[in-house]
Protein chains: 2
Amino acid sequence: MSSRVANAALRSKIMSADDAAALIQHGDNVGMSGFTGAGYPKAVPAALASRMSAAHQAGDEFKVGVWTGASTAPELDGALAEADGVELRLPYQSDPISRAKINAGTMEYIDVHLSHVAQMTWEGFLGKLNCAVVEVTAVNEDGTLLPSASVGNNKTWIDQADKVILEVNSWQRMELQGMHDIYYGTALPPHRKPLPIVDAADRIGDPFFRVDPDKVIAIVETDAPDRNTPFKPLDEDSKAIAAHLMDFLELEVRSGRMPEGLLPLQSGVGNIANAVLAGLSESPWKGLKAYTEVLQDGMLDLIENGTIEVASATAFSLSPEGVQRFNDDIDFFNKRIIMRPQEISNHPEAIRRLGVIASNGLIEADIYGNVNSTHIMGSRIQNGIGGSGDFARNAYLSTFVTPSTAKGGALSCIVPMVTHVDHTEHDVQVLITEQGLADLRGCSPRKRAQRIIDNCAHPDFKPMLQDYFDRAQRGAWGLQTPHLLGEAFSWHERFMQTGTMRQG
Amino acid sequence: MSSRVANAALRSKIMSADDAAALIQHGDNVGMSGFTGAGYPKAVPAALASRMSAAHQAGDEFKVGVWTGASTAPELDGALAEADGVELRLPYQSDPISRAKINAGTMEYIDVHLSHVAQMTWEGFLGKLNCAVVEVTAVNEDGTLLPSASVGNNKTWIDQADKVILEVNSWQRMELQGMHDIYYGTALPPHRKPLPIVDAADRIGDPFFRVDPDKVIAIVETDAPDRNTPFKPLDEDSKAIAAHLMDFLELEVRSGRMPEGLLPLQSGVGNIANAVLAGLSESPWKGLKAYTEVLQDGMLDLIENGTIEVASATAFSLSPEGVQRFNDDIDFFNKRIIMRPQEISNHPEAIRRLGVIASNGLIEADIYGNVNSTHIMGSRIQNGIGGSGDFARNAYLSTFVTPSTAKGGALSCIVPMVTHVDHTEHDVQVLITEQGLADLRGCSPRKRAQRIIDNCAHPDFKPMLQDYFDRAQRGAWGLQTPHLLGEAFSWHERFMQTGTMRQG
């Protein structure tokens, strides 16, 4: 393989992953690339994990803070968590080993709105960023960097870290060039200016990262694929949820509350999101735009068949087949996809201005429309809030989607009261399950409750929810949002004791 | 009194409040002016309430939807609620009669982010707006309208309502002219443009409202004062909270995390907010700016002594003495105060760009930093979220302030788990009570809990909180956010049963 490090000065810094990892110290905060399993460093984290394990065996402490864009992969989160090498993780994770350590209390985790991370770092609110470890596709002759399959917080890590370690991954395609839009116009107040985006298709930045060459302390060459989780066939529940959303959007257009050509779409990650995209594919709409966080396989279909004209995001999250399709037609996709830093893809200013139609998943919602996106039984973290708050709060239309039950029917995803709140009643406009859709706009809390029970709850849990709601209206301390605090979490307690929320 | 209706065509529409109220029908949605007791209509609501009472006595239905800027006064909220004439109230209220009806379940209420109301109305998400009832200071010869002591949602009501009733209040000073900045550049997506504010002092609009004269169906002349709640002397707890915040801001400047000249200030309404303003008055800072929602008495002091150079808001909330001082020096204040629509004073885009330092009150916070701003015992509404979410989510620095106890010490304002969430853990950076300040930035949930217990809890409740937290760390289902769901609300249940959260 011929080197992708075209800059002579930087070429002199090429070294092994082990040598590069040796430049990271115990106690460092390390900003790593990576977002939904794309564009994370493939070699240095594992080498760092080995150093940590060796240090621990020798009785020495060795832990670092790990900051990323969002989730990464076993080679990063898994390896470092396995080595007990993570003091504090932020702003998002979805790794099973990492999750287990966090919930066992041996690893700290801060769950942050993805749009807030860059500014908090720059403001100094998170402490010092010692080192960046960022995967790129190539180092240009002029020293600028061709980004990889995700942008995430890389611009911020490279700017803010004292030292920069680059991984140059030959597996990433050179044809990515031109897709990225790295905005260098952000600032700290009082120097901030309007973000000059008025259309999802607007390009406002550069196709490359800038880096101070003196800060680059190591370059590691790799040739390794992204995580690329296999695509799951769409299940019936997801298809039903997508159909309810499509019907609703058609009704909104007919009612004059939504423009004929819709508005830019955001969709969360996962099976339901892919089903929604598939639903759009069969819709009459053409020439739509997406202003979203992550591009899944379903988005490639929409771009190919003309449903989506341009998609803006910060990362890919493709299956191996999706990667193959993308690579086969990379010049076509290059013109129709824009990859931005996550502070821009998720920026409140852009989301509100563009009027995004947001659709996000959840763990549980309560009868009043509060949403828990993060915690199982109120205590155990699953993944994190990600960008859902950025989109839900600022969207033109904020929808949440979920199957009505989980764990083979043992859990109702609609509960009397959620055990953790990530999205308040103020930010949830439409709730959709396979059972149906509850339009909560303009509804007071008790009206919301009846709509959610009637339209969204699973038939097996509907009478229990209605019973709680009826009794709460008779026994609560006030009737704005009637609750019986003594039993608001009784369903969760029953699940923890018996393995099901169902009554015996 | 000579008429303030200078436009000849509109002068022909002058009539009595009773005649004007007769133009409002059962089932109408009515957009009324009014924000924190300033600029609400003084005559038509009472006349409408009389009609409603008469209709009810005759066995007829007569209820309307009442949409405002924020809170109003007994002549509006009190009168209409007393007459059982409000079907649905939004987006904020603080009236005792209104509150009682809502909590008795006889009046519906939707609690909305104040920055969202205008767009939701325009989008059609709240239903049809039939009529606007807006107080103005004068009708100009060209038919434009000189706004009153609050702007609130008036621009939206006048634009969106089918019919407009104006109250022209001679009590409001003509010298208000030039203070208002009514922005006519908002739009529905996909036609939205950047908000051209880069400094709290920027004027981007007109000093008058525009109105289609054909929509004006009535003009009522009034001469009546605003509510003007008396100023309460600052108590020791409020002064202590303000002192903690001042110390913290100084530390932030010394640490380089805050510019020397600070950033634009937002402060909530009430005693603690006034104490914070008084604290600033004794600080070395000069030439600051405020980008806030409401101007209280304390802000007048700061403008007079040069601490604040320019203050931007959407409404006044002054005491009778404050009004006197303002009127005595109205030309001085006119040049230093900007009154904007609440969709602009509270706009996420402006708040984030300017980097506002936000300080808001609360009802209770929990050990993990979740904040309840609205509900007593999870069910009973107090006032509403108001603009606190607009500011907390988008601020440069988001602080929340509260005494550590309430109800004479029977209630701890720091609890194991809040019974309603308005601001999630993701949006609360600093919590301050008279006991001290907890800086939660960069802290995982368990670290947050220990800081809040150590620094903010009242000594009488601190051991109980520590005991809950310790046991939760042993018995919870996961250690990211350890809770014991069976007793998370036990303090609230004890209060409802015994009148105190204290253990017997």
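1. A nonpolar core here is a set of buried Ala, Val, Leu, Ile, Met, Phe, Trp, Tyr and Cys residues joined through side-chain atoms within 4.5 Å, where buried means under 20% relative accessible area, exposed over 50% and partly exposed in between (1.4 Å probe, protein chains only). The largest such core has 150 residues, and A:F326 and B:F326 touch the most other members. Another core, of 75 residues, lies apart from it, with A:V415, A:I453, B:V418 and B:V428 among its residues.

2. A word on the model before going on. It is predicted, so local features need pLDDT of at least 70 and side-chain atom pairs count only at pLDDT 80 or more, while totals for chains, interfaces and linings use all residues. Residues are numbered from 1 along each chain as its sequence is written, chains are lettered from A and ligands numbered from 1 in the order in which they are written, and side-chain values use heavy atoms, with hydrogens and water left out.

3. Now to where the chains meet. Contact (heavy atoms within 4.5 Å) involves 86 residues of chain A and 87 residues of chain B. The two chains bury about 7,500 Å² between them, 54% of it on carbon and sulfur atoms; buried area is the accessible area (1.4 Å probe) that two parts lose on being put together, summed over both. In chain A, the residues that lose the most area to chain B are A:R352, A:R393 and A:W477, together 13% of what that side buries.

4. Which residue of chain B forms a salt bridge with A:E108? The partner is B:K447, with the closest N and O atoms 3.2 Å apart. A salt bridge is a side-chain nitrogen of Lys or Arg within 4 Å of a carboxyl oxygen of Asp or Glu. Between chain A and chain B the count is four, and over all chains it comes to 50.

5. Within chain A, have a look at A:D226 and A:K42, whose side chains meet in a salt bridge (2.8 Å, N to O). This pair links distant parts of the chain, 184 residues apart. Both A:D226 and A:K42 are buried.

6. For a contrasting setting, turn to B:K239 and B:E236, a salt bridge with its closest N and O atoms 3.7 Å apart. B:K239 is partly exposed at 42% relative accessibility, whereas B:E236 is exposed, with a relative accessible area of 57%.

7. Finally, B:N372 counts as buried because its relative accessibility is 0%. Leaving aside neighbours within four places in sequence, B:N372 is in contact with residues including B:L362, B:E364, B:V418 and B:H420.

Note on methods:
Helix = DSSP H or I, 4+ residues; strand = E, 2+ residues; numbered from the N terminus.
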